[in-house]
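I opened my notebook for another structure today. Here is what I looked up, in the order I looked.

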Amino acid sequence: MKHIKNSLIMFFLLLNILSFPVDSTFLTYTVAGNNIWKVTQDAYIVSEVLFRDYNLYYPEDLFIKGSKMYIADSGNARIVVYDMETGEATSIGDFKLWQPTGVFVTDEYIYVADPGSSEVVIFNLRGEEVKRIGRPTNPIFGETANYKPKKLVVDKRGNLYIVSEGTFEGIIQLDKDGEFLGYFGSNLVGVTLLDKFIDLFYTKEQKEKFLHRIPKPYANITIDDKGLIYTVTQKEYGNAIKKHNTIGLNILSASKERRMVDEDNFVDIAVDKDGRIYALTETGLIYEYDSEGNLIFSFGGRAISTERSGLFSVASAIEIDEMGKLYVLDKERGLVHVIVPTEYANILHQALNLYEQGKYIESKRLWEKVMTYDGYSKIAHYGLGKAYFQSARYDKAALHFKEAFARRDYSDAFWEMRNNFLQKNMGIILSLLVIIILIFTIIDLLSRYGKIKIKFHVKNKLLSDVLYIKNILRHPLDTFYYLQKKKHGSVLSASIIYLMFLLVILVDYFGRSFIFNLNTSDRNVGFVLLTSSSILFLWIISNWLVSSINDGKGTLRDIYVFTAYSFAPYILFQPLVILSTYVLTYNEKFLIDFASMFLISWSAVMLFTGVKETHDYDIKNTVKSILFTLGWVFVIILVYSIVYMLWDQLVETAFSIVQEVLYRVRNIR
């Protein structure tokens, strides 16, 4: 009997759990070091879903003012006013609006963007129409310029900032009386490699015919408490979100550098009282950024088959109230999802607020608490790094900056660590330098007076040929002469030198210190090896083909050998540059860049000399040969790229032809 009773209790408990509404129906993502996406703790949960029984029809926009929610109910041609305290809903603009798609509310007025009537309609807070602002009459605006207000904001002076359909010149700025003040903050025109090619080779008439270089129009707009304008642009990457100063320039740090983690289909944007940015995609993803444009969270998504809280069919608008609650409008289902932050998000926001106030040490405890929720959080590691740096614990700061992939900040911490080390050990370092100098001086003196002999004779021919690489640094002309006459060097020794060259490239690409590491896109060893060896192979084959046509005296064997020895400066000295990356900081980056470029240039000069001496060319023919060789390399890569991209189509076409031939053969029989 007791067993049956326990079973019934468990059954009803299970039934209760299954019937209880699940608030978090989406995953929350954040970025770890090097912008790697990771699932983290729930940052937001859905508290309620509004307007299930109100019949909103394709609503386009919403705005929160105090305890009132204003919704641009576009399909019903009205503005719905919802009192969030009483739950009562009323409407304004009935029979006065055609297709409202944007709404903005001040202390006095309700502004509605109505592209259906090509007007901005202004109501007072009682819902009475006050004014309509139509197309600007100022001649500067232009007779053919588009004016279909889609979204708008209003600053404290009453000036209107209007996003208009099809307007690529920027945001239309009007004063409170509707007078045109100019275009605000136009997007820049992106120039592709194809555009640059066209600029070089096309005539003016051809450019006018084929090029349509116009800025992308803005998709939406918002304004913060300080009066700064924020915009989103679709089909942009790295800078889809912009924060404009008073003259329209983008001042959002990450966006200016085109390094934001963003989407190309943002439809709306909201900013909270602390400057954090919330961007919404049409597919229902919500991206939260700090005030500098660094990603904090991404959550939400699309409800594909069934209605689920926190997932959207077609999202169209996002707003945030003073309590930090998010309101997301689902246009297709006519619903508003109310999303509230969890304790995890609240703690992280508190830590961010202290961090942005410069109170790094005070934020340390909160960042450590954030780390208990998610130990991979990039922004948390960065905050802890700042806290440790301010408290002069540079070793710990460096560890956290490294986890956050903050190279410049890591460099600052490393500089302090290096400075402390030098101050503590300067006496030992100077003593070692003096001892080393004395040892070399004594050895040199003894060698001069014949007391000791420092001369090595390498009897192995292969080893001697490999070590002959050092001779090219002092006597390049003699070296290339003896290589061609086969007195030194061989195909085998050249192959070993090529392996050394590829090894140095790998170490240069993967083995530099964290501050100077080149592998920013996580390419693997195989990719780097394949790319480098392919270019070498193409150079050798192309130069042989070109020299065969242009009466060059070098054979394929000669080209293979002298090319290997030409890389001597890079092979011999680049390892020293790589080692120096573990000593220098970001402030000395120019030394690393200069040294690397110098060695590459030196090797290029050696290659030029090798072509000239091996093929017995003059300067003019040497330049001609190298240019033709590079041209052939480019053509081969281009042809390969085209074939690679069209391979599937080629296979499908060939298969279709074979099928057609077989079909006709069978019919003939």
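**Entry 1: the whole chain**

I began by noting that this is a predicted model. The protein chain has 669 residues, and 45% of them count as buried. I found 19 helices and 25 strands in its secondary structure. Next I looked at contacts with a separation of 6 or more: 51% of them join residues 24 or more positions apart. The chain exposes about 37600 Å², and carbon and sulfur atoms supply 60% of that area.

**Entry 2: the largest pocket**

How much space lies in the largest pocket? I read off about 1000 Å³. Its lining comprises 36 residues, and those nearest the centre are Phe63, Phe104, Ile223, Asp224 and Asp225. Then I checked which elements give two or more residues to this lining, and they are strand 4 (61-65), strand 8 (102-105), strand 9 (109-114), strand 16 (218-223), strand 19 (266-271) and strand 23 (315-320). Strand 4 gives the most, with 3 residues. By class, I noted 14 nonpolar, 9 polar and 13 charged residues in the lining of this pocket.

**Entry 3: the second largest pocket**

I moved on to the second largest pocket, which holds about 840 Å³ of space. There are 29 residues in its lining, with Arg259, Asn294, Lys378, Ala404 and Phe405 closest to the centre. Here the elements giving two or more residues are helix 4 (253-256), helix 5 (343-356), helix 7 (378-390) and helix 9 (407-448). Helix 7 gives the most to this lining, with 4 residues. I wrote down the classes as 14 nonpolar, 7 polar and 8 charged.

**Entry 4: the cavities**

How many cavities of 30 Å³ or more does the structure hold? I found 2. The largest cavity contains about 110 Å³ of space. It is lined by 15 residues, and the closest to its centre are Asp61, Val103, Ile221, Thr222 and Glu319. Strand 4, strand 8, strand 12 (149-154), strand 16, strand 19 and strand 23 each give two or more residues to that lining. I noted 9 nonpolar, 2 polar and 4 charged residues around the largest cavity.

The second largest cavity has about 30 Å³ of space. The classes here are 4 nonpolar and 3 polar, with no charged residues.

**Entry 5: Glu288**

I then picked out Glu288, which sits in strand 21 (residues 285-289). Is Glu288 buried or exposed? Its relative accessibility is 0%, so Glu288 counts as buried, the cut-off for that being under 20%. I looked for a partner for its side chain and found a polar contact of 2.9 Å with the side chain of Tyr44. Leaving out residues up to four places away in sequence, Glu288 touches Tyr44, Arg276, Ile277, Tyr278, Asn294, Leu295, Ile296, Phe297 and His349. One of these, Asn294, had already come up among the residues closest to the centre of the second largest pocket.

My last stop was helix 6 (residues 360-373), where I found Met371. Beyond its neighbours within four places in sequence, Met371 is in contact with Ala380, His381 and Leu384.

The Glu368 side chain makes a polar contact of 2.7 Å with the side chain of Lys364. Which residues does Glu368 contact once neighbours within four places in sequence are set aside? I found Leu384 and Tyr388. From Glu368 to Gly383 I counted 15 residues along the chain, with 9.4 Å between their C-alpha atoms.

Conventions:
Residues are numbered from 1 along each chain as its sequence is written. This is a predicted model: local features need pLDDT of at least 70, side-chain atom pairs count only at pLDDT 80 or more; totals for chains, interfaces and linings use all residues. Side-chain values use heavy atoms; hydrogens and water are left out. On a 1 Å grid over the protein atoms alone, a cavity is a set of points where a 1.4 Å probe fits but cannot get out, and a pocket is an open set with protein on both sides within 12 Å along at least five of seven lines; lining residues have an atom within 4 Å of a point. Grid points are joined across faces, edges and corners, and a volume is the space filled by probe spheres set on the points. Ala, Val, Leu, Ile, Met, Phe, Trp, Tyr, Cys and Pro count as nonpolar, Asp, Glu, Lys and Arg as charged, and the others, Gly among them, as polar. Buried means under 20% relative accessible area, exposed over 50%, partly exposed in between (1.4 Å probe, protein chains only). A polar contact is a pair of N or O atoms within 3.5 Å; within protein, one must be able to donate a hydrogen and the other to accept it, and residues adjacent in sequence count only if both atoms are side-chain atoms. Contact means heavy atoms within 4.5 Å. Accessible areas come from the Shrake-Rupley method with a 1.4 Å probe; for residues, only the protein chains shown count as cover.
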